[in-house]
Amino acid sequence: MSTDTGQTCPSVRYTLGAATNTVMMHLVSSPAGAQFPTKVCELGVPLTASGAQLVQVTAAVLHPGNGRLPLPDWTAATRPGRIGVIGDTGCEVPTTGTVQSCRTGWPFPLIANSVASVTRPDLVIHVGDYLYREDPAREDDKPRNPGCTMSAEAASWACVVADFFRPAETLLAGAPVALARGNHEDCNATFRGGAGGAWFRYLADELRADGSCSRHSDPAAIRAGTLNLVSLDSSFADPGDTGSTAEKALFTAQLNQVNQDAQQHPGNDYFLFTHKPLWMVKSAGRTTGAVTWLTRVLSDAVADTGLHRLASNVRLVLSGHVHLYQMIDFNTVRPPQVTVGSSGGPLDDGPDDRLVVNQPVGTPTEPVHQSITQTVSTAGGRGIFGYADLRSTGTTWDLAFRNTNGVVRGPVCRLGPSLDNKSFLCSPGTAIGRGADRPGKGHLSVSRPFG
């Protein structure tokens with residue numbers, strides 16, 4: 001993206017085999033009004049390329065300063081060794097109600113730097129919700145954000161920079177990213193402009209030039225060597241979090257596509273990442289069934305697929321939406337649900353994990369086998385800011401929660417090898433593994449739709 005109004009895009013120089021190539025990017029969109037005063041350019045780089053760098057750039061300031069573009073660090077026969085998972089990262093500045101201090105109470109800039117410097121990921125997964133500055137006139141960091149200081153400037157390019165691109169700069173410069181859409185990137189009444197329009201212009205899998213917004217997008221399959229990621233757009237699933245099952249048929253059709261794709265690659269691990277969780281437990285009481293879980297329409301849609309479940313090699317579901325970190329598993333073919341909504345916005349209260357275990361959750365209901373929620377006490381309460389750190393062991397995955405400063409808090413958990421009884425073995429105090437060796441550059445490819 002560039003605020004230069006010229007129609008010429010910069011070029012990318014990269015190495016392919018023994019040759020150095022310089023290829024001009026192609027123009028996706030031109031500046032369009034006050035909300036989008038930028039042009040957007042993109043380029044598909046060959047799968048075996050390395051050393052990509054922007055050249056011939058017309059810009060007053062270049063980010064990152066060295067112009068280097070991170071490429072995948074795995075081969076077709078391997079997978080990312082280290083993955084950082086973040087979610088719900090924006091600074092919450094609503095039109096009414098309590099405003100989060102973007103100067104002193106917003107941890108995302110520090111979390112992004114911790115992911116970059118501590119986890120040093122090969123891949124970053126963001127599970128949605130980037131744009132929280134609904135009324136920039138109420139924010140407390142206006143001097144940093146020219147162009148994002150007035151109510152009318154909400155969801156402008158400058159606000160996208162303030163909420164995401166600037167605080168995440170070090171992280172974005174270090175690793176490829178896979179992005180899911182959150183409910184904050186929603187469509188307005190005109191289905192043009194607004195936060196949804198900004199999503200489709202700057203962040204979506206298929207970028208748009210006209211500022212339009214759609215409530216639903218097709219699933220996107222992302223090949224990361226032998227790991228396959230599938231992004232499911234759940235931004236409009238049960239908009240009020242009331243338990244509605246409207247549009248279940250749409251999500252059933254999309255999840256059938258996910259299962260079909262997974263069944264075509266039975267030797268590969270699949271992670272489904274989507275903003276709204278399928279089985280996250282928000283609260284739980286002492287009696288059977290005294291449990292609040294999200295999001296029923298997605299769980300019902302899974303049950304209505306041809307398999308009546310997710311394919312066996314779908315190893316994890318990664319989500320956000322609830323401002324907590326939580327891992328729950330079922331010790332069945334149902335994959336563990338990892339919720340990472342703790343990377344920026346004001347935190348929610350979480351459940352007492354002891355009351356979550358054995359509670360029936362999902363469609364059909366299955367008792368929770370294990371629950372680990374990062375809160376201020378073992379009895380629940382306010383969540384803890386942080387992110388998820390996933391490391392490949394070569395055959396399975398280690399999972400840890402890291403706090404704002406990148407320090408592991410709680411146990412490190414290893415995903416068991418069984419595809420029929422998926423669960424984590426958690427060991428308090430165990431150091432997280434180094435991750436798989438990284439023998440060379442590989443490929444990250446996106447197909448849309450499946451095929």
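A disulfide here is a pair of cysteine sulfur atoms within 2.5 Å. In general terms, a disulfide is a covalent bond between the sulfur atoms of two cysteines.

Some ground rules. This is a predicted model, where local features need pLDDT of at least 70 and side-chain atom pairs count only at pLDDT 80 or more, while totals for chains, interfaces and linings use all residues. Residues are numbered from 1 along each chain as its sequence is written, and side-chain values use heavy atoms, with hydrogens and water left out.

By the disulfide rule, the count is 5. With the bonded cysteines numbered in sequence order, the pairing reads 1-2, 3-4, 5-6, 7-8, 9-10.

I will take three of these pairs. Cys9 is joined to Cys41, S to S 2.1 Å. This pair links distant parts of the chain, 32 residues apart: Cys9 is in the segment before β1 (11-16), and Cys41 is in strand β4 (residues 40-42). Strands are DSSP runs of E, at least two residues, and helices are runs of H or I, at least four residues, both numbered from the N terminus. The link of Cys9 and Cys41 is left-handed, with -80° about the S-S bond. Both cysteines, Cys9 and Cys41, are buried, meaning under 20% relative accessible area, where exposed is over 50% and partly exposed is in between (1.4 Å probe, protein chains only).

Next, Cys91 and Cys102 form a disulfide, S to S 2.1 Å. Cys91 and Cys102 each lie in the loop between β6 (82-86) and α1 (108-119), so the pair ties together parts that are 11 residues apart in sequence. The torsion about their S-S bond is about -100°, so this disulfide is left-handed.

What is the handedness of the disulfide of Cys413 and Cys426? The torsion is about 110°, so it is right-handed. Cys413 is in strand β25 (residues 412-415) and Cys426 in strand β26 (residues 424-427), so the pair ties together parts that are 13 residues apart in sequence.

Now the rings. Rings of Phe, Tyr and Trp (its six-membered ring) pair if their centres lie within 6.5 Å; planes under 30 degrees apart count as stacked, over 60 as edge-to-face and the rest as tilted. The whole structure has 11 aromatic pairs. For Phe164 and Phe165, the ring centres are 5.4 Å apart and the planes at 55°, so the pair is tilted. Phe164 and Phe165 are both buried. They belong to one aromatic cluster, whose members include Phe36, Trp106, Tyr130 and Trp199.
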